[in-house]
Amino acid sequence: MIDLKLLRDEPDRVRASQRARGEDPGLVDALLDADTARRAAISAADNLRAEQKTASKSVGKASPEERPALLERAKQLAEEVKAAEAAQATAESAFTAAHLAVANVIVDGVPAGGEDNFVVLDTVGEPPAIESPKDHLELGEALGLIDMERGAKVSGSRFYFLTGQGALLQLGLLQLAVRLATANGFTLMIPPVLVRPEVMAGTGFLGAHADEIYHLDDDDLYLVGTSEVPLAGYHADEILDLSGGPLRYAGWSSCFRREAGSYGKDTRGIIRVHQFDKVEAFVYCKPEEAEAEHERLLGWQREMLAAIEVPYRVIDVAAGDLGSSAARKYDCEAWVPTQGTYRELTSTSNCSTFQARRLSTRYRDDDGKPQIAATLNGTLATTRWLVAILENHQQPDGSVRVPAALVPYLGTEVLTA
């Protein structure tokens, strides 16, 4: 949810954010109207309750002659209070719906537009010169690393087995991410991958992309598409101690996505699948620390990409391609030789106070007053990274060189059949 003070003080800024996202700025006016109506309804109900309380006291002090009229007035006020409270509940419900409909306000400098309107901030490394490159699936199958056929037999399309050195490669990659995270003060977490609706909604994932999420109807639980979700819920309804700086967590989990609407896209291999593993960084901090913390998260992602030795670029994602929770997002995209383009490996989002406001996660300021915290998240490693590793490090004889940082986890410098 956006900050109501910002809405009331700078509605034009919120409207501009909506336009940059390609969303309806009229939702801002609808929220302003709903906010006004809610406050008026609260005031009306409060005034009537106060009047009812005064009338009730006056009945006890009244003379026998005055009492019938006062009792009648008290009865009338009770009905008016009941109606006012019903009107308040209706106004509150309309306000909440309007509040949830407005996406987070983007950070100044975020490019406007949609998926293709990103800005390239940096390009690192040169794409390798590979004659007739093989794609990651051809390499993975030839080297006994990936089995898509049996994945489909067991679970359906877009499922797979990682086998032998393929499984070790993923585990090594994730362990490398864990080591980097813990060396930089992150607390390692293995969270639940099933969460309650209020936690999924609190992180902003039940909006436009709700069809991406698996739901267990009998239990009313959601399978997470990222450990960002349970980590955001970890401190829901709590007041944090941020006096010593940000709280940083690294969640290692399996993740699940329906990939609804992606039929025909990336159907080959493990670029777009229904289940994958990931180490996700998640941070709680004071709002004024969020932009600097966002740059730190990007820096740690760059360290991981340097460790796997692949060419990549950093992009500032356009407003229309942000999720509703993000005020700004950076993606790191690795070069994929067989596609002749860069593909996303990491994202890091500054969600400012949007998620924490929904989840009532606060901290105490210097005066001891509770304030809404800021949250950020960022990928440190995931299954998709195997695509970039295999394709960029393939050798003419069909083997794959193992990046030096991963050799200790695999016990070999080259993957061979």
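Ser352 lies in the loop that links strand S13 (341-350) to helix H11 (354-359). Helices (H or I, at least four residues) and strands (E, at least two) are DSSP runs, numbered from the N terminus. The model is predicted, with pLDDT of at least 70 required for local features and 80 or more for side-chain atom pairs, while totals for chains, interfaces and linings use all residues. Residues are numbered from 1 along each chain as its sequence is written, and side-chain values use heavy atoms, leaving out hydrogens and water.

Most residues other than glycine have a negative phi. The two serines have positive values, as the table shows.

| Residue | Phi |
|---|---|
| Ser352 | near 45 degrees |
| Ser360 | about 55 degrees |

On the scale of the whole protein, there is a division into domain 1 (4-101) and domain 2 (119-415). These bounds come from an automatic or database domain assignment. Taken over C-alpha atoms, the centres of domain 1 and domain 2 are 44 Å apart.

Two strands count as paired if DSSP finds at least two bridges between them. S14 (residues 362-364) pairs with S15 over 3 bridges in the antiparallel sense, and Arg364 has Pro370 in S15 as its bridge partner.

Another open sheet of 3 strands runs in the order S5-S7-S6, with antiparallel pairing. Here strand S5 (194-195) and strand S6 (215-216) are the edge strands; each has a single partner strand, so one side of each is left without a neighbour in the sheet. S5 is joined to strand S7 (residues 221-223) by 2 bridges, and Val195 has Tyr222 in S7 as its bridge partner.

Charged residues form a further feature. Glu198, Asp217, Asp218, Asp219 and Asp220 make up a negative surface patch. Such a patch takes residues with over 30% relative accessible area and no salt bridge, with like charges joined within 9 Å; the areas come from the Shrake-Rupley method with a 1.4 Å probe. Glu198 belongs to helix H8 (residues 197-202).

The structure also holds 23 salt bridges, each a side-chain nitrogen of Lys or Arg within 4 Å of a carboxyl oxygen of Asp or Glu. One of them joins the side chains of Asp35 and Arg38, at 3.2 Å from N to O. Both residues lie in helix H3 (residues 26-61), where they are 3 residues apart, about one turn of the helix.

Technical notes
Patch = residues over 30% accessible without salt bridge, like charges linked within 9 Å, V, L, I, M, F, W, Y side chains within 5 Å. Lys, Arg positive; Asp, Glu negative; His and termini not counted. Charge placed at Lys NZ, Arg CZ, Asp CG, Glu CD.
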